[in-house]
Amino acid sequence: MRKNSPTSKGILSSLKIGLKTGLVGAILTVLLSLIGMVEAFSQRYIIHEVISMGHTLLLLSGYFIADRAARRSISKGKSLALLNSLISGFLSSGSLILLIFLGAFVNLRSVFINASPVLYQLLLFGEEIRTGVLLLFFVGGVVGFFSGLLYLLTGWIKKLTLIPLGSILIAGVLQDLLRPTLAAWGPLSILSEWIFTANGLSISGAIVLGVSISIGSLLWSFKGKSLQRGIKSLSGSKRKIFTYAGFLTLVFLLLVLPHLLGLFLSEVLTIVGLYILLGLGLNIVVGYAGLLDLGYVAFFAIGAYTTAILTSQELGFFHFTFWSALPIAILMGIFSGVLLGIPVLKMRGDYLAIATLGFGEIIRILVLSDFLRPWLGGAQGIGKIPKASIGSFEFARPQEIYYLILAGCLLVVFISLRLKDSRIGRAWMAMREDEDVAQAMGINLVSTKLLAFATGAGFSALSGAIFASKLGSVYPHSFNVMISINVVCLIIVGGMGSIPGVMVGAFALVGLPELLREFAEYRLLVYGAALVVMMLLKPEGLWPEAIRRRELHEEPGEKLSNDSTQGTSGS
Amino acid sequence: MAILIAKKVTKQFGGLVALDRLDLEIQERSIHSIIGPNGAGKTTFFNCVTGFYRPEEGEILFNNHSLVGLPPDKIVRLGISRTYQNIRLFPNLTAMENVLVGLHGHLKSNFFGIVIKSSFTKREEAEAAEEARNLLRFVNLSGKGDFLAKNLPYGDQRKLEIARALASKPKLLLLDEPTAGMNPKETQDMMDFIQRLRDELGITILLIEHQMKVVMGISETVTVLDYGEKIAEGSPGEIQRNPRVIEAYLGRGSAEEVAAA
Amino acid sequence: MLHKIRERVTPTDLIMWLIGTCLLFLMIWGSIATIKGGTYSIHHWFDFVIFGLAQGSIYALIAMGYTMVYGVLRMINFAHSEVFMSGPYTAYYFAAAFYSSGLLDRQPILCLMIIFLVAMSTSSGIAFLLERVAYRPLRTAPRLIPLITAIGASFFLQYVFRGLFGSGFQAYPVVKILEGEWRFGEFRLLKFQVIVILAAALLLAALYSFIQRTKVGKAIRAVSEDKETAYLMGIDVDRMISTTFVIGGLAAGAAGVLYALMFKQVHFFMGFIPGIKAFTAAVLGGIGNIPGAMLGGIFLGLIESIGPSLFLDGLGIIAPYQLKDAIAFTMLVLVLIFRPTGILGERLAVKKA
């Protein structure tokens, strides 16, 4: 008896993990259903008529919750891990069953607007209630068990299960990106017509896609290493040829991209491009110099409004062309960067953030006010801004504006790269790391900070000028604080101080939500959740700076905590 | 000839007098130590010299140039550099970058030169990199230039901090407890190294140190501070025999207390 | 003597003083012109002050959460505006049920108590969960990281509420006993505004004495002074941080109900503007400083309601009321420039070297 009780207690306490994690899963699935995501997402199929995105969402959350349960209880033994994931799977679906029963007795809809009969039907897989509930419960268990099993499995079996499933999922989610892109490629269009239906993949397409991708990944795992080694062992000159070839391909791709993508995707690309420009500018201020600027949108607005005032025929003050207005807009940006930089020179951290946020808002409110309306157009904004043109070529459609933005991005990337490994870039980074010591190393804080503000503001104004010409009009509502926050987030999600990180961040936070436009209602919800999860799991960003990444994979040496604050007073 | 002269320097924090009319002269090419119990005002004096604090009263002259009121970045350009009691490197920069930041004041490239990579910038950057590598070699850190400062072992961090301070080509180097946390072997190496700095580079060294072995072993002059006041000054031998110093360190009548306990 | 002065004053200081003096001059000039112009009677000013006080005491209540969290964690809890929104939004369903059943008219006091209770517990529950899920795992992370999670959590909460309850405005029911006005000769007092001011004052006083007098309050203050030492003294730091969030949530929930009753509606985005304002108030008062947050809130409320008419009207600016937020933020920036630690903030010794 005595001997047995601790072990049975041990089993019970280790089942607690499954129960606890399962409870989180239960809340998650109910939440997903009640906020309407399941219903909205079931409009779109991953595989046509087989599985919708709504169901996929629930399955995925069940899968991840069960995976977590297994992960947390693996130390207690494999069978317990499996049991725990099974329990959490059952709990995740069990809560939905509770919801259905509750909904059958009480009119939940008077409070929760999405608790509709359609939702219940979806959760019951369209069956009548008894079979549906059993099916739902069963599916929960299966998902939990499957997830636990996959966690325990290793090697190629796991790979061969996850890779095809994952690729089908990605193909299904990105169908709006892939289908028109593939369709533009002549012979490939037949393939795309065969893989995709109007809504989701076809069954045969999904099978073929899964199988071919697993074969591909198998081949790569056998041959890939030797291929890589082969490239590495090439002689210097040959490797140079490879690099040049790669570079040329990239340039070619960038040049033809809008023609491959079509109108809608090009439009998305231009929006992403504008954010990349903004991100690269703010990357200098936040990523390099460590000055958290939440009023960054002000310079974007100043660039756009300067262009508008100088070129708009509606106002008729001036009749500049885009090209002659552009340098003035950038100069105005730089000038205001310095001007708004001076008052905040001595502020640090959160104070700086809130003061700059204040500046951004002040500028937006001033622009919006009736007081300045004769000059700035008030809430109606300024219209009739001419497009940029070279000779008779006009940057009017997204596919053409793309080149304007591309040129801007290339220029800004070039400048950022040059600055980074220079006296100025090092001064910025030293200031970010320790302002006092940086000053004691001979860095003039005033000019260095102002230079960072000015450079960032200049890039931002460039982005604003292109934005004004792209839209043909400017409104104060386009320049709210959300833009500043978005840009800060994309820098940090991409990886602070990393130039490729800014691009990855812009594609992830701006591009992806644009692609899933029909779910616009849930865009910011997912965005918020993604930010939290990202910071919890991968705080260094999606594409951190090369050095930091390398160090993360090295065995860290003896670390020294530098946060003690001795020495403030004399010793 | 005195390279640094402090006259009646007073620094207060609220009611606390951290430095009380301190007079101090540091001879050129000497190794000068400041010792004293915790809270005696040693680091405060460093902070006053390097411009972190502004003394309420008094004058600090460096080669006859007044330092009071100058910001730290101007002071380092005059030729005073320092290290910190609790190492303050730039943790997320590489060792090489840390040293290059130290060279900042001697580089002249401007924004446009950097963006177009003018021949001047190119040459300057190459020279700076060469100089930084030499400095890393000088402190025995060659080959570790690509490590992030925060990932270096403790002893290397101390050395890197000195290399960074040397990069600004100081005439006067202020070292704040350079041997703190070191074992006897490392301490001996550091002592030899400090002497090399003076003998080979001709840098005047002002040292805050707690280990008496180090103080007595390498310094020519020792100044003892207590409650912000100078209570003694002289050669190591004189200081060891000075009754006021013994009292400051052990307290009046402390010998009896120790016996009673 | 002269060279000393020259060394102290840098060109940037000079520019800042210049800007400050210009703004001050404009303010004074505008005020004189307004008062001379006589567009507003004494009754108008009285109304402005009372409205400002009511608005300001709500800001003060929300600001408590910001300032206390900043005290213990040194971070801006950006999601506090959603903590503020969640309480009254949830309580709305109770209020609506009471209204339709007629209970709200028969037992208004009881109903209001339940509404407050629901709102305060929801807000504090959300604040508690927020700390647990989004901030606790990041205690040792660089400071920008929790700020980003806070922004993320803020979006998440907003859109969860939108998803659950819909995107429209929900009209808060009218509580009859709070309507109407008292007249004192020529002056009139809206009952509701007086009650908001009194309720907020009561809550603030309770909070303040809780922080000052009780053992938990002392422990929280110890944690904001020095986490490590507090831990060594046997204080459960994690629990105190949780408690801080809960208290901030309680205050925000109460403020939310007052706000909802005042403007008679709730909306999933309603937290954003008051949130930013309250944060401004916390900074104005000296962030981390509890009486400062109260004072900052009231100051901001007053400036917002009096400022546009007083300063701008006399300058001949059209529709000055549109610029009230600009005045609030200008105040913020001015305070940050000339008194960076806030109105009541102590001048901490600059941490250097």
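Start by selecting domain 1 and domain 2 of chain A: their centres, taken over C-alpha atoms, are 28 Å apart. The bounds come from an automatic or database domain assignment, which divides chain A into domain 1 (12-152), domain 2 (154-233) and domain 3 (265-546).

Before going on, note that this is a predicted model, in which local features need pLDDT of at least 70, side-chain atom pairs count only at pLDDT 80 or more, and totals for chains, interfaces and linings use all residues. Residues are numbered from 1 along each chain as its sequence is written, while chains are lettered from A and ligands numbered from 1 in the order in which they are written.

Eight residues of domain 1 of chain A are in contact with twelve residues of domain 2 of chain A; contact here is when C-beta atoms, placed from the backbone, lie within 7 Å. Now select strand E1 (residues 45-47) of chain A, which gives three residues, the largest share of domain 1's side. Helices (H or I, at least four residues) and strands (E, at least two) are DSSP runs, numbered from the N terminus.

**A helix crossing in chain A**

Next, pick helix H3 (residues 53-73) and helix H6 (residues 129-152) of chain A, whose axes come within 8 Å and cross at roughly 50°. Axes are lines fitted to C-alpha atoms, for helices over the stretch in contact, and angles run from 0 to 180 degrees between N-to-C directions. H3(A) and H6(A) are therefore oblique to each other; under 35 degrees counts as roughly parallel, over 145 as roughly antiparallel, 65 to 115 as roughly perpendicular, and the rest as oblique. To see the contact, show residues including Leu59(A), Gly62(A) and Tyr63(A) of H3(A), and Gly140(A) and Val143(A) of H6(A).

**Over to chain B**

Which strands form the open sheet here? Six of them, in the order E6-E7-E8-E3-E9-E10 (chain B), with mixed pairing. Strands pair if DSSP finds at least two bridges between them. At the edges, strand E6 (80-82) and strand E10 (229-234) of chain B each pair on one side only.

Zoom in on strand E3 (residues 31-35) and strand E9 (residues 221-226) of chain B, which pair in the parallel sense over four bridges. Ser33(B) has Val222(B) in E9(B) as its bridge partner.

Finally, select helix H7 (residues 184-201) of chain B, which packs on the sheet and touches E3, E7 and E8 of chain B. The direction of H7 makes about 155° with that of E8(B).

Terms used
Contact = placed C-beta atoms within 7 Å.
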